[in-house]
Amino acid sequence: MTVRPITIAGHRALSQRTRRVREVTDELRTLVADMFETMDAASGVGLAAPQVGSRWRLFVYSCPDASDTLRRGVVLNPVLERFGGIALDEETLEGCLSVPGEGFPTARHRGARVTGTDLDGAEVVLEDEGGVLARALQHEVDHLEGTLYLDRLTPARKREALDAVRDRGWRTGGILTWDPSEMEAAEV
């Protein structure tokens, strides 16, 4: 397993829709293993394929649900259903490994359900309401649609976020990835 570089806001891979997984190959299994390794090295709760430069429609996750039970796995070709009201808690900051070191209050539905398959073709159904998992499911599927959480911020918060990204100097410095095996997110 290898820790892969994580793409940063501004990288083209983050704005493109992904392709459906039609066959699980050894190469795909290696990608998933590397994604788990990368997510863990970065202390993340989820990681979508575009965040490591891949166009496949899949993500890995490792986070608690509303009952504080750790949930960990992979979902191929996820289909997302949102439910419950949309909540914006100014105290809860959503972050992203592709916007390292930053976090902003983000409106999300309280509940989410994802259906898909695992690497063995078995059906996966994940559902959560009010937990980190519900937020993570929505966040990761957004990545697969070419959407960053910054796109979901209120106009004032989006300006603040774009200023923070500009101040980090990634674009002007030509920095498109970071390696979580070499640095912490806050250092990027």
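Which residues are linked in a network of salt bridges? The points below take up this question and related features.

1. Basis of the note. This is a predicted model, in which local features need pLDDT of at least 70 and side-chain atom pairs count only at pLDDT 80 or more, while totals for chains, interfaces and linings use all residues. Residues are numbered from 1 along each chain as its sequence is written, and side-chain values use heavy atoms, with hydrogens and water left out.

2. The salt-bridge network. The residues linked in this network are Arg82, Glu94, Arg108, Arg135, Asp142 and Arg152. A salt bridge is taken here as a side-chain nitrogen of Lys or Arg within 4 Å of a carboxyl oxygen of Asp or Glu. Over the whole structure, the search finds 19 salt bridges. Side chains of opposite charge can pair when their charged atoms come close.

3. Arginine 108 and aspartate 142. In this salt bridge the closest N and O atoms are 2.9 Å apart. Arginine 108 belongs to strand S7 and aspartate 142 to helix H2, so that the pair links distant parts of the chain, 34 residues apart. Helices (H or I, at least four residues) and strands (E, at least two) are DSSP runs, numbered from the N terminus. Arginine 108 and aspartate 142 are both buried. Buried denotes under 20% relative accessible area, exposed over 50%, and partly exposed in between (1.4 Å probe, protein chains only).

4. Arginine 17 and glutamate 145. The side chains of these residues form a salt bridge with an N to O distance of 2.7 Å. The pair links distant parts of the chain, 128 residues apart: arginine 17 is in the loop between strand S1 (6–7) and H1, and glutamate 145 is in the loop between helix H2 (132–144) and H3. Arginine 17 counts as exposed because its relative accessibility is 53%, whereas glutamate 145, at 25%, counts as partly exposed.

5. Arginine 29 and aspartate 120. The closest N and O atoms of this salt bridge are 3.4 Å apart. Arginine 29 lies in helix H1 and aspartate 120 in the loop between S7 and S8, so the bridge ties together parts that are 91 residues apart in sequence. With 36% relative accessibility, arginine 29 counts as partly exposed; aspartate 120, with 65%, counts as exposed.

6. Aspartate 118. This residue is found in the loop between strand S7 (108–117) and strand S8 (123–129), and its relative accessibility of 22% makes it partly exposed. A polar atom of its side chain lies 2.8 Å from the backbone nitrogen of aspartate 120, and the side chain also reaches the backbone nitrogen of glycine 121 at 3.1 Å. Beyond its neighbours within four places in sequence, aspartate 118 is in contact (heavy atoms within 4.5 Å) with Val74, Leu76 and Val124.

7. Nonpolar cores. A nonpolar core is a set of buried Ala, Val, Leu, Ile, Met, Phe, Trp, Tyr and Cys residues joined through side-chain atoms within 4.5 Å. The largest has 34 residues, and Met35, Leu58, Val60, Val99 and Leu150 have the most contacts inside it. Two or more residues each come from helix H1 (26–41), strand S3 (58–64), strand S4 (70–87) and helix H3 (155–168), with H1 giving the most, 6 residues. A second, separate core of 16 residues includes Ala48, Phe59, Leu133 and Leu144.

How values were computed:
A polar contact is a pair of N or O atoms within 3.5 Å; within protein, one must be able to donate a hydrogen and the other to accept it, and residues adjacent in sequence count only if both atoms are side-chain atoms.
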